[in-house]
Amino acid sequence: MTMRLIIMGPQGSGKGTQAARLATRVGVPAISTGDLFRWHISQETALGVLVQSYTAHGELVPDEVTNAMVRERLNQPDVASGFILDGYPRNAAQVGELDQMLTADGVALDAVLELTVDRDALLQRIAMRAELEGREDDTPDAISRRLDIYTEQTAPLTHAYADRGLLVRIDGAGAIDEVTEHLAAALEGVAR
Ligand code: ADP
């Protein structure tokens with residue numbers, strides 16, 4: 001069975017954690033653009049050097065760079081069975097770009113999962129993560145910039161996917177296991 005999914009949600013919604021868990025269950029790779037960028041930055045690749053100033057400030061990396069990186073990742077053999085995209089698409093142009101990549105491969109998305117969590121809970125979780133992980137972009141300015149970009153550019157994308165009948169909204173406020181079960185149950189309805 002193939003499964004092509006997007007998981008959306010603001011920073012702190014737990015989408016990275018849930019993407020990894022679902023990927024294991026479904027048997028497809030979780031592809032996180034944030035993780036890919038962090039890997040490049042840690043290895044000081046040319047791409048890493050290029051994107052570091054954007055990610056550090058919570059700004060989006062330019063679309064050409066992000067799209068090319070995703071395109072290359074989606075061409076890897078392990079993606080034949082599907083994928084869970086985490087952190088992409090993040091704006092309307094990236095939605096169009098992803099559509100083109102999939103159409104070119106003759107495949108389509110099965111569902112778009114959106115994790116919803118209210119802003120206060122998000123800020124609490126992010127503050128906790130900042131202490132635990134010490135991510136470079138978990139400064140108050142970069143955090144609020146990312147939340148603003150999510151609200152302005154990324155959250156509206158859910159409407160486009162809802163119009164296509166792909167959107168599944170899941171409450172992300174519960175315990176990690178509970179949210180995973182809700183997501184898995186939602187996918188039962190999607191499996192084909
Ligand atoms: P978050 O905790 O905000 O969900 P991510 O780990 O997904 O963060 O992404 C970290 C940073 O990587 C973003 O703030 C942005 O600079 C960059 N990034 C990740 N995905 C994209 C994308 N699809 N388009 C542009 N920039 C991106």
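Which of the 19 residues around the ligand come nearest?

1. Those that come nearest are Thr33, Arg38, Glu59, Gly87 and Gln94, out of the 19 residues around the ligand. The structure under discussion is a predicted model, and the points below should be read accordingly.

2. As to composition, the shell around the ligand consists of eight charged, seven polar and four nonpolar residues. Helix H2, which spans residues 33–42, supplies four residues, the largest share of that shell.

3. For Arg129, a polar side-chain atom is 3.4 Å from an oxygen atom of the ligand. On its own the ligand has 550 Å² of accessible area, and the protein covers 97% of this.

4. Helix H2 also packs against another helix. In general, two packed helices are described by the distance between their axes and the angle between them. The axes of H2 and helix H4 (residues 63–74) come within 11 Å of each other and cross at roughly 100 degrees. Because angles of 65 to 115 degrees count as roughly perpendicular, H2 is described as roughly perpendicular to H4.

5. The residues that make this contact are Thr33, Leu36, Phe37 and His40 on the H2 side, and Thr66, Met69, Val70 and Arg73 on the H4 side. By class, the contact of H2 with H4 comprises four nonpolar residues, three polar residues and one charged residue.

6. In the loop between strand S3 (82–86) and helix H5 (92–105) is Pro89; the peptide bond from Tyr88 to Pro89 is cis, with omega near -5 degrees. In the loop between H2 and helix H3 (46–56) is Glu44. Glu44 is a residue other than glycine with a positive phi, near 50 degrees.

Conventions. Residues are numbered from 1 along each chain as its sequence is written. This is a predicted model: local features need pLDDT of at least 70, side-chain atom pairs count only at pLDDT 80 or more; totals for chains, interfaces and linings use all residues. Side-chain values use heavy atoms; hydrogens and water are left out. A residue is near a molecule or strand if one of its heavy atoms lies within 4 Å of it. A polar contact is a pair of N or O atoms within 3.5 Å; within protein, one must be able to donate a hydrogen and the other to accept it, and residues adjacent in sequence count only if both atoms are side-chain atoms. Accessible areas come from the Shrake-Rupley method with a 1.4 Å probe; for residues, only the protein chains shown count as cover. Helices (H or I, at least four residues) and strands (E, at least two) are DSSP runs, numbered from the N terminus. Ala, Val, Leu, Ile, Met, Phe, Trp, Tyr, Cys and Pro count as nonpolar, Asp, Glu, Lys and Arg as charged, and the others, Gly among them, as polar. Axes are lines fitted to C-alpha atoms, for helices over the stretch in contact, and angles run from 0 to 180 degrees between N-to-C directions. Angles under 35 degrees count as roughly parallel, over 145 as roughly antiparallel, 65 to 115 as roughly perpendicular and the rest as oblique. Contact means heavy atoms within 4.5 Å.
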